[in-house]
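Hi everyone, thanks for making time this morning.

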Amino acid sequence: MEKGKISSLQMAIMLYPTIVATAILGAPSITAKYALNDLWLSPILAALIGYATVYIAYKLHKLYPKQTVIQFSEQIIGRIPGKILGFLYLFFYIPITGEILRGYGDFIVDSFMVNTPIIVIMASMVILCALIVRGGIEVLGRAAELFLPVFIFPICILIILLSADLDFKNIFPILGDGIMPPLKGAIIPGGWFSEFFLIIFLIPFLSDMKKGMKYGMMTVFAVMMTLVMVNLIVLFVLGPSTSSKVYPLMNVARYISFGDFFEHLESAVMAIWVVGAFVKISVFYYAAALSTAQWLNLSDYRPVVWPLGILIVEFSFWSFPSSMEVSRYDIIAFPFHGILMQTIIPLLLLVIAFVRKRNKGTKNPLN
């Protein structure tokens with residue numbers, strides 16, 4: 001079905017913007033509502049879910065190499081229950097891809113292209129992502145490599161240029177209300193860290209599978225440090241008003257001013273978001289296409305790419321009639337929905353698979 005191969009490093013490069021792209025814009029304000037000035041601690045706590053998810057996915061891969069969750073779930077819990085679970089995963093990843101697409105479109109239209117119909121923004125992105133997905137995992141890996149500097153460089157520039165506006169006193173008092181506020185603030189980022197389960201769709205195509213978990217754990221750490229750094233920068237600049245901003249990083253970028261000619265660097269934030277959203281949507285799109293083909297027992301996933309693209313655009317409107325619905329889903333439903341589907345259920349599958357393998361080994365010592 002997929003003949004291409006990628007390295008563990010390419011997998012890490014694909015996963016990094018996939019997680020960071022969503023979190024980097026809204027995470028500071030969402031986290032600050034619960035954690036206040038301890039918002040920088042929440043990504044550290046949330047990263048525990050990321051580490052656990054990568055570990056679970058890699059162990060499932062070791063038990064069922066060269067298979068994704070759609071395939072090995074039938075072997076673990078039986079054909080019919082496995083098909084039902086596979087169907088649930090299909091209608092988790094397809095609507096989620098639509099939600100990511102809708103979030104991308106809302107940000108672009110609300111912040112920059114106010115007079116452009118949102119359908120134009122979203123359809124153009126889906127067409128571009130569909131071309132990448134049809135090219136296969138190698139094309140997706142190389143595209144992520146190509147755009148990674150465009151994603152990271154603006155973040156570094158923003159941090160350097162904001163150094164004069166940082167007020168380090170905003171971080172105090174640390175843990176003034178105990179550990180519970182940053183723990184509550186970690187719930188929503190925890191949903192984003194659970195997206196590391198996407199590794200299960202990439203590991204079967206690694207050219208160096210033994211390094212898969214190592215690079216997965218390194219990516220979790222890189223994402224955690226990025227979110228900690230972004231949260232601190234936003235806190236040092238905006239202080240207590242962080243929680244009242246919709247896109248805090250955008251507000252922070254407006255503080256940059258050197259003379260009368262070097263200011264209004266919102267375009268840097270837009271570059272981060274567009275590149276990150278492109279990689280994120282492509283990876284989710286690829287997982288949805290591969291899952292659909294495997295669930296239908298097709299020999300190739302490419303014939304379903306364009307129909308899925310139409311479905312993703314439709315879901316972006318069906319599931320989320322307004323940008324308020326997108327925000328409400330991100331804050332209320334997705335953390336629990338994401339952790340359930342991408343961490344808890346895989347953990348249950350791993351436990352069942354481990355028990356069945358052990359029982360099988362006990363009955364037949366030669367196995």
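**A first walk through the fold**

Let me start with how the chain meets itself: among contacts with a separation of 6 or more, 83% are between residues 24 or more positions apart. Please keep in mind that this is a predicted model.

Now the overall picture. You can find 13 helices and two strands here. The C-alpha trace spans about 75 × 45 × 35 Å along the principal axes. What radius of gyration does the protein have, and what would a compact globule with 367 residues have? The protein has 21 Å, which agrees with the value near 21 Å for such a globule. Of the 367 residues, 56% count as buried. The accessible surface comes to about 15800 Å², and carbon and sulfur atoms hold 68% of that. As for charge, there are 26 positive and 20 negative side chains, with the centres of the two sets 18 Å apart.

Let's zoom in on helix α2, residues 42–63, where you'll find L60. Is L60 buried or exposed? Its relative accessible area is 0%, so L60 is buried. Beyond its close sequence neighbours, L60 is in contact with F72, I76, I200, P346, L349 and L350. Look also at I352: this residue is 292 positions from L60 along the chain, yet their C-alpha atoms are separated by 11 Å.

H61 is in helix α2 as well. With a relative accessible area of 4%, H61 is buried. Outside four places in sequence, its contacts are K66, I200, I203, P204 and M209.

On to the aromatic rings, where the count comes to 18 pairs. One of them is F107 with Y247, an edge-to-face pair at 4.8 Å centre to centre and 80 degrees between the planes. F107 lies in helix α4 and Y247 in the loop between α9 and α10, so this pair ties together parts 140 residues apart in sequence. F107 itself is buried, at 1% relative accessible area.

Another edge-to-face pair is F147 and F278, 5.5 Å centre to centre, again with 80 degrees between the planes. Here helix α6 supplies F147 and helix α11 supplies F278, linking parts of the chain 131 residues apart. F147 is partly exposed at 29%, whereas F278 is buried at 7%.

Finally, have a look at Y89, F92, Y93, F197, F201 and F284, which ring pairs link into a cluster.

Technical notes:
Residues are numbered from 1 along each chain as its sequence is written. This is a predicted model: local features need pLDDT of at least 70, side-chain atom pairs count only at pLDDT 80 or more; totals for chains, interfaces and linings use all residues. Side-chain values use heavy atoms; hydrogens and water are left out. Helices (H or I, at least four residues) and strands (E, at least two) are DSSP runs, numbered from the N terminus. The radius of gyration is taken over C-alpha atoms; the globule rule is 2.2 Å times the number of residues to the power 0.38. Buried means under 20% relative accessible area, exposed over 50%, partly exposed in between (1.4 Å probe, protein chains only). Contact means heavy atoms within 4.5 Å. Accessible areas come from the Shrake-Rupley method with a 1.4 Å probe; for residues, only the protein chains shown count as cover. Lys and Arg count as positive and Asp and Glu as negative; His and the chain ends are not counted. The place of a charge is taken as NZ of Lys, CZ of Arg, CG of Asp or CD of Glu. Rings of Phe, Tyr and Trp (its six-membered ring) pair if their centres lie within 6.5 Å; planes under 30 degrees apart count as stacked, over 60 as edge-to-face and the rest as tilted.
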